[in-house]
Amino acid sequence: ELRAVEALGSAVGCFTGPCVQATILPTLLHSMASSPQVAYAAGTALVLHLRESRNAQCRVDMCNKLGREFCRSPLFSKRLLFCRLCVVILDHFSRQFFRIVFADAVLEVARDPVP
C-alpha cells in the first residue's frame, strides 16, 4: 500500500481535476487510516494534489474534512498525523491560506490534554 500511495504522490499533475476529486483524493483519504508510515505518505500526497487543484472550493472542502476527521478525532494517532501534516501544508500553501483554513483546528490540537 505504501508504494501505491507514493506512486500517487509522485503522479501529481498527471490527472485531471474530476479524476483527482472523484478517485485520487478519496483513495488517499482512505489510506490515511492505515499504518503511520502509509498514513503520512498518503497525507503528504493528498496535500500535493490539493496544491495542484484548480478548484478552490474542492481544496477548502477537503482541508475542512481533514480538520474534522483528523484534528477532532478521538484517536490520538489521527490528531498526531494532523499535526505532522500541518508542517507539510505550511510548506506547500501560503501562511494566509493556512491561517484562514486551519487556525481554529490548530488551536484545538494545542489544547489537547494528551501530550
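User: How much space lies in the largest pocket?

Analyst: Rolling a probe the size of a water molecule over the atoms shows where empty space is left. On a 1 Å grid over the protein atoms alone, a pocket is an open set of points where a 1.4 Å probe fits, with protein on both sides within 12 Å along at least five of seven lines. Here the largest pocket holds about 220 Å³, a volume being the space filled by probe spheres set on the points. Mind that this is a predicted model, with local features needing pLDDT of at least 70, side-chain atom pairs pLDDT 80 or more, and totals for linings using all residues. Residues are numbered from 1 along each chain, and side-chain values use heavy atoms, without hydrogens and water.

User: Which helix gives the most to the lining of the largest pocket?

Analyst: Lining residues have an atom within 4 Å of a point, and helices are DSSP runs (H or I, at least four residues). α2 gives the most, 3 residues. The lining includes Val 12, Phe 15, His 49 and Arg 54, and divides into 3 nonpolar, 7 polar and 2 charged residues.

User: And what about the second largest pocket, how do its residues divide?

Analyst: Into 7 nonpolar, 2 polar and 2 charged, with Gly counted as polar and Pro as nonpolar. α5 supplies the largest share of that lining, 5 residues. Met 32 is one of the lining residues.

User: What is Met 32 in contact with, beyond four places in sequence?

Analyst: Contact means heavy atoms within 4.5 Å. Met 32 touches Ala 39, Leu 46, Phe 70 and Leu 85, among others.

Technical notes: Helices (H or I, at least four residues) and strands (E, at least two) are DSSP runs, numbered from the N terminus.
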